[in-house]
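Biologist: Please take me through this model slowly, giving the cut-offs of each term when it comes up.

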Amino acid sequence: MPDRYDLPAGFRWGASTAAYQIEGAVDEDGRGRSIWDAFCERPGAVKDGDTGRTACDHYRRWPEDVALMRELGLDTYRFSLAWTRVQPTGRGPANPAGLDFYDRLVDGLLEAGITPLPTLFHWDLPQALEDEGGWLHRDTAHRFAEYAALAADRLGDRVPAWITLNEPFVHMVYGYALGIHAPGRALMLDALPAAHHQLLAHGLAAAELRARGREVLIANNLTPVRPASDAPADLAAADAYDTLHNRLFTDPLLLGRYPDLTAYGLGPDPDLGGAVRDGDLALISAPGLDGLGVNYYNPTRIAAPTEPGLPFTEAPVDGVPRTHFDWPVVPEGLPELLRTLRDRYGAALPPITVTENGCSTDAALDDTARTTYLATHLDALAQATAEGIDVRGYCTWSLLDNFEWAEGYSQRFGLVHVDFATQRRTPRASFAWYRDLIAAHRASRAGE
């Protein structure tokens with residue numbers, strides 16, 4: 001494998017985590033109850049009955065984790081704030097002890113030469129707001145803006161850029177449409193107001209952040225959509241799926257409008273169950289994103305529906321390696337996706353950061369499969385940058401093995417192995433490979 005990739009000078013190397021997946025300490029220093037605390041208590045909701053109560057104990061062990069990041073040579077650490085640490089019930093004044101934790105973390109990162117890139121919402125909504133309707137309720141968007149302002153007022157002097165939301169598509173579908181993630185609602189298309197209210201939350205929070213001179217990004221889970229065949233029915237199904245997964249959460253941000261949802265019975269100018277009001281789309285899209293976070297894991301193959309309901313069905317991606325999570329490994333899907341974004345949005349597309357990309361493996365320390373995964377995806381990413389697509393950085397998922405949502409601790413994505421019984425951290429072979437790659441790229445571009 002090459003010792004570096006032909007990525008631009010100034011390209012920023014990073015790793016990503018999320019609060020509920022690593023922090024633990026769910027009852028400490030005034031932290032409130034989140035929807036994931038409640039969801040984990042449901043019998044059968046999470047594999048093996050696992051919870052995030054302790055997770056990686058990052059709340060206490062963050063200095064050790066920052067030392068690992070320093071050893072890697074990271075430019076950027078993408079993490080998330082737990083809303084319930086800042087506002088235990090999702091409203092009202094800030095909880096000083098919660099913000100103190102993030103204050104210490106930010107200072108520690110800066111002392112290590114690492115730029116913090118916080119995400120304000122990575123799926124852990126305060127349960128008190130969910131009790132009032134959660135993302136189906138418009139007021140949640142306004143509460144989110146207040147939370148963003150509180151966080152930026154405390155940390156913004158040292159944090160130049162913020163990600164508002166992580167993967168609003170996944171949160172809407174898994175949390176509100178299918179019920180396999182928190183908050184566990186199974187509303188199908190009646191979950192669509194959660195799409196608009198998350199995007200409205202982004203727009204309102206972006207206004208607060210920009211008023212404080214901060215840059216604003218959002219991290220979307222995006223996938224290249226491939227029809228199962230050239231049959232008209234499969235082509236139409238693929239277009240319908242692409243509209244839901246990719247365009248529903250990107251068109252409003254970059255084009256100021258929702259895509260045509262006629263395939264879902266909602267028409268070309270949908271109001272998403274009455275959620276859309278005059279002025280909302282202008283707020284969501286103005287004055288433009290400073291960057292788009294792209295979370296890429298795999299393409300999606302789509303065929304015509306086989307039963308009434310949704311206008312598509314998912315088909316297997318055959319003939320490729322698969323991760324421990326049984327996700328297909330298709331590195332060329334990453335530049336394919338980036339080309340689609342470039343062609344679809346043109347000048348409206350802001351600079352891109354790959355904010356998540358990685359794979360689960362077994363617990364072994366010699367994780368050749370992960371190294372191969374990262375190497376092939378970075379090689380594919382270099383192809384995209386060579387074509388002139390403006391990609392500014394790459395954050396692998398994830399720094400640490402962690403609580404993988406409904407899969408509990410059964411999926412391991414970390415460059416660093418975590419023994420969850422002892423909390424011992426052990427860097428894997430992929431950690432050394434990534435460290436050496438970053439150093440080689442930095443040395444090769446010195447002076448450019």
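Biologist: How many aromatic pairs does a search of the whole structure find?

Modeller: This is a predicted model, in which local features need pLDDT of at least 70 and side-chain atom pairs count only at pLDDT 80 or more, while totals for chains, interfaces and linings use all residues. Residues are numbered from 1 along each chain as its sequence is written, and side-chain values use heavy atoms, with hydrogens and water left out. Rings of Phe, Tyr and Trp (its six-membered ring) pair if their centres lie within 6.5 Å, and planes under 30 degrees apart count as stacked, over 60 as edge-to-face and the rest as tilted. For the whole structure, the number of aromatic pairs found is 28.

Biologist: Are the rings of tryptophan 13 and tyrosine 434 stacked or edge-to-face?

Modeller: The centres of these two rings, tryptophan 13 and tyrosine 434, are 6.0 Å apart. Because their planes stand at 80 degrees to each other, the pair is edge-to-face.

Biologist: Are tryptophan 13 and tyrosine 434 buried or exposed?

Modeller: A residue is buried when under 20% of its relative area is accessible, exposed when over 50% is, and partly exposed in between (1.4 Å probe, protein chains only). Both tryptophan 13 and tyrosine 434 are buried.

Biologist: What is the angle between the planes of phenylalanine 325 and phenylalanine 413, and how many residues apart in sequence are the parts that they tie together?

Modeller: Phenylalanine 325 and phenylalanine 413 make an edge-to-face aromatic pair, with 6.2 Å from centre to centre and 65 degrees between the planes. Phenylalanine 325 sits in the loop between strand 9 and helix 13 (333-345), and phenylalanine 413 in the loop between strand 11 and strand 12 (416-419), so the pair ties together parts whose separation in residues is 88.

Biologist: Which residues have the most contacts inside the largest nonpolar core?

Modeller: A nonpolar core is a set of buried Ala, Val, Leu, Ile, Met, Phe, Trp, Tyr and Cys residues joined through side-chain atoms within 4.5 Å. In soluble globular proteins, nonpolar side chains tend to be buried together. Here the largest nonpolar core has 139 residues, and those with the most contacts inside it are Trp36, Phe144, Leu248, Leu381 and Tyr434.

Biologist: Which helix gives the most to this core?

Modeller: With ten residues, the helix that gives the most to this core spans residues 192-211. This is helix 9.

Biologist: What does serine 16 touch, leaving out residues up to four places away in sequence?

Modeller: Serine 16 is placed in strand 1 (residues 12-16), and because its relative accessibility is 0%, serine 16 counts as buried. Contact means heavy atoms within 4.5 Å. On that basis serine 16 touches Arg78, Thr355, Glu356, Cys395, Thr396, Trp397, Ser398 and Leu399.

Biologist: Which element supplies the largest share of the lining of the largest pocket?

Modeller: On a 1 Å grid over the protein atoms alone, a pocket is an open set of points where a 1.4 Å probe fits, with protein on both sides within 12 Å along at least five of seven lines, and lining residues have an atom within 4 Å of a point. The largest pocket is lined by 47 residues, with Phe169, Val170, Tyr174, Tyr241 and His245 nearest its centre. The largest share of this lining, six residues, comes from helix 8.

Notes
Helix = DSSP H or I, 4+ residues; strand = E, 2+ residues; numbered from the N terminus.
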